[in-house]
Amino acid sequence: MRIQETLTMYEKLNILTDAAKYDVACTSSGTSRRNDGTGMGSCEQSGICHSFSADGRCISLLKILFTNECIYDCKYCVNRRTNDVVRTSFTPDEICTLTMEFYRRNYIEGLFLSSGILKSPDYTMELIYAALYKLRTECGFQGYIHVKAIPGADSELIRRVGFLADRMSVNLELPTAESLKILAPHKTRKKILTPMRLVQNGMEENRQELALYRHAPRFVPAGQSTQMIIGATPESDYQIMQVTQSLYQKFDLKRVFFSAFVHVNEDAHLPARSDEGPPLLREHRLYQADWLLRYYHFRAEELLSEEEPNFNVLFDPKCNWALKHLEYFPVEVNQADYKTLLRVPGIGYKSASRIVKARRLGTLTYEDLKKMGVVLKRAVYFITCEGKMMYPVKFTEESIARNLLASGERLPKEVVHMGYQQLSLFDDVRFGGGLGEKGIYMQ
Amino acid sequence: MKKVYICSDSATGIFSGIYEAWRRKDQQDSGIALAGHVEPELFCTYEEVEENREKAAAVDRMICRHLGGTAYQEISQAVLSDDPGRGDAILGTMMEARHIPDSRRIMEHLTHPDVEKVFELSRRVGAEAHALKGFVRFRELKGGILCAVIRPKSQVLPCLAPHFEERLPKENWMIYDKSHRMFAVHESGRRWVVVWAEESCLEEFCLEELEVSEQEKRYEKLWRGFCETISISEREDKKAQAQHLPFRFRPYMTEFSQGG
């Protein structure tokens, strides 16, 4: 292991940013806090993006590791102990100064502090606590803090950190326990789920406290999140969505993030290196489906099944669902209830609520829908306005699908390259990787 | 005959115009035009509005009282946009509110063209203000004052100033809106104010020449380094970056300018 003592601040920041960049979440949403007039900082419920990096991802928080030294040897991780890279650590003071000075200049919305495991989980959690305590009390920082709960750390320590942070996360790392065993031999599913449950229970207790005493200190007010790596192990989209769904239900998570696997290490247990790059389209489809779970009352079993375990490359999950369930369509926008509208491709939850309100005061036309933010080129095949469809369309899966594709529906660029005519439209395409699409890490 | 009230391109101007139009008996036949954007029509008389804060405040109160909080917020935002027809749209929205059963629900009435326009303008202003809450970059001057320059399409300073006052209550800061020649100024522990720059003083005011503090360059360098390192090269997607962070914002952002 290389440890260099005389690194400049610039080099340190460079190393510990580089080591932290594969963590997905850079969100600053989920809580709002007013400044009490004594310190610096506040939080906005919606979160704020401060910049966007060259990969199109949002920069909202100062995302750094406390240290990139690590006693573990996770095969996918750039910081695994067997990698020969320069190791360094921040001091709590350095973290405080950087955060405060960046925040003053409005570079960031707050701090995202993660860490390699230095000596032991407890020791690392202690260091993180020291840094956050100083930042919150001595520096009077009232902006957003996202911090990792280290699996294996003492529960009391995690609890104390939770009262300083806005959001905590424990990374699930991989979708199944078997994969975890192969790629992260020092971690177990149980070790990861323990702190997750701890934070969940802490939040529940805190809710009851807050109901009694409005000014009681708040525990992880922006909730907890997790992330898993996609494409390093053989799980299907269906398995991943089921895991995601149960995390929302059983652990009351705020967000589940997916991270397309990026090759940083050579290891026999990792998929063979190819020219295709990270599986970005697959990641994109998973995020779309995740939205359907959280905001659109869909269930994983409706979107995928054992027989059809992966998402369609050509259509987003909602469109794909609609094409397979034409018996629910077309719906009349002037009558259909909110939940039905939510299921129409091209109608989002915001436009659905606008529709429900606006039609009380007048009959809606296609023109009105467009102004309300409905994506008509997708929605027209599934709706009627006053009983009429916008164009006469043969109402079959095949014909609507062809229309959708012909109407300039934006296809993922790699699908265009591989010549989608060759694919049968509803083929269950195995995702290779390199099917690139937009980064969608918006707050 | 139709009567068009001509007012200046400002919130006070437009609200004063609406005040005059509202006082007139036959409001259906009134319009608001901004000085410099008047399109002469036949059978129409024009009147220049005498603007003042009292008239504007009266309209402000009326909207707040009769149309409710949501509409008030949407209208206050729409009036900051750069659309020359916004005065007409706001007046039209206020008039339409009298014709629906519950005038507090006027902003839900999106099938009405004026309401729809106010909604759209407000959304546009809100989006720009929200983006700038993130994209504003302060530089520390000698003496510790934080100073930022923006060049927005809409007059977003009234949206930004309360945000930064909340966030940086103990700092002295100012934001200069280059498009509309306005400053938002905040003194530590006090309330923010917006001031219009006089032509003559603008000549002297050139931010690029203001001297920054000793450590300013150091933090700028650290920030540029951070932004470069945080990007994952295997995922590079400049198109997505440009979509979320349009080029027009970049000249005033530390990470997109060269450090001298």
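Two strands are taken to pair if DSSP finds at least two bridges between them, and in this predicted model five such bridges join strand 1 (residues 2-7) of chain B to strand 2 of chain B, the two running parallel. Helices (H or I, at least four residues) and strands (E, at least two) are DSSP runs, numbered from the N terminus. Residues are numbered from 1 along each chain as its sequence is written, while chains are lettered from A and ligands numbered from 1 in the order in which they are written. Because this is a predicted model, local features need pLDDT of at least 70 and side-chain atom pairs count only at pLDDT 80 or more, whereas totals for chains, interfaces and linings use all residues.

**Confidence**

- The predictor gives the complex an ipTM of 0.92 and a pTM of 0.90.
- For pLDDT, the predictor's confidence in each residue on a scale from 0 to 100, chain A averages 89, with 91% of its residues scoring at least 70.
- Residues 417-443 of chain A have a pLDDT below 50, although this stretch has 66 contacts in the model beyond near neighbours in sequence; two residues are in contact if their C-beta atoms, placed from the backbone, lie within 7 Å.
- Where pLDDT is low, the predicted coordinates should not be read in detail.
- Chain B has a mean pLDDT of 91, and 93% of its residues reach 70 or more.

- In chain B three strands form an open sheet in the order 2-1-3, with parallel pairing.
- Strand 2 (30-34) and strand 3 (44-48) of chain B are the edge strands, each pairing on one side only, and the twist from one strand to the next averages 30 degrees.
- Helix 1 of chain B lies across strand 1 and strand 2 of chain B and runs at about 155 degrees to strand 1, where axes are lines fitted to C-alpha atoms, for helices over the stretch in contact, and angles run from 0 to 180 degrees between N-to-C directions.
- The axes of helix 1 (residues 11-23) and helix 3 (residues 86-97) of chain B come within 10 Å and cross at roughly 45 degrees, which makes helix 1 of chain B oblique to helix 3 of chain B; angles under 35 degrees count as roughly parallel, over 145 as roughly antiparallel, 65 to 115 as roughly perpendicular and the rest as oblique.
- The contact is made by Ile14(B), Gly17(B), Ile18(B) and Ala21(B) of helix 1 of chain B together with Arg86(B), Gly87(B), Ile90(B) and Leu91(B) of helix 3 of chain B.
- By class, this contact of helix 1 with helix 3 of chain B has five nonpolar, two polar and one charged residues, with Ala, Val, Leu, Ile, Met, Phe, Trp, Tyr, Cys and Pro counted as nonpolar, Asp, Glu, Lys and Arg as charged, and the others, Gly among them, as polar.

**The hairpin of chain B**

- Strand 7 (residues 182-186) and strand 8 (residues 193-196) of chain B run antiparallel and are joined by four bridges, with Met182(B) standing opposite Trp196(B).
- This hairpin of strand 7 and strand 8 of chain B has six residues between the strands, and Gly189(B) takes a positive phi near 80 degrees there.

**The parallel sheet of chain A**

- In chain A six strands form an open sheet in the order 4-6-7-8-9-10, with parallel pairing.
- Strand 4 (61-65) and strand 10 (255-260) of chain A stand at the edges with a single partner strand each, so one side of each is left without a neighbour in the sheet.
- The twist of this sheet averages 20 degrees from one strand to the next.
- Strand 9 (residues 224-230) of chain A is joined to strand 10 of chain A by six bridges, the two running parallel, and Thr226(A) stands opposite Val256(A) in strand 10 of chain A.

**The interface between the chains**

- In total, 39 residues of chain B are in contact with 46 residues of chain A.
- Helix 4 (113-135), helix 5 (157-167), helix 7 (216-229) and helix 8 (238-244) of chain B each supply at least two residues of the side that touches chain A, and the largest share, eight residues, comes from helix 7 of chain B.
- By class, the side of chain B that touches chain A has 16 nonpolar, eight polar and 15 charged residues.
- The axes of helix 1 (residues 9-18) of chain A and helix 7 of chain B come within 9 Å and cross at roughly 25 degrees, which makes helix 1 of chain A roughly parallel to helix 7 of chain B.
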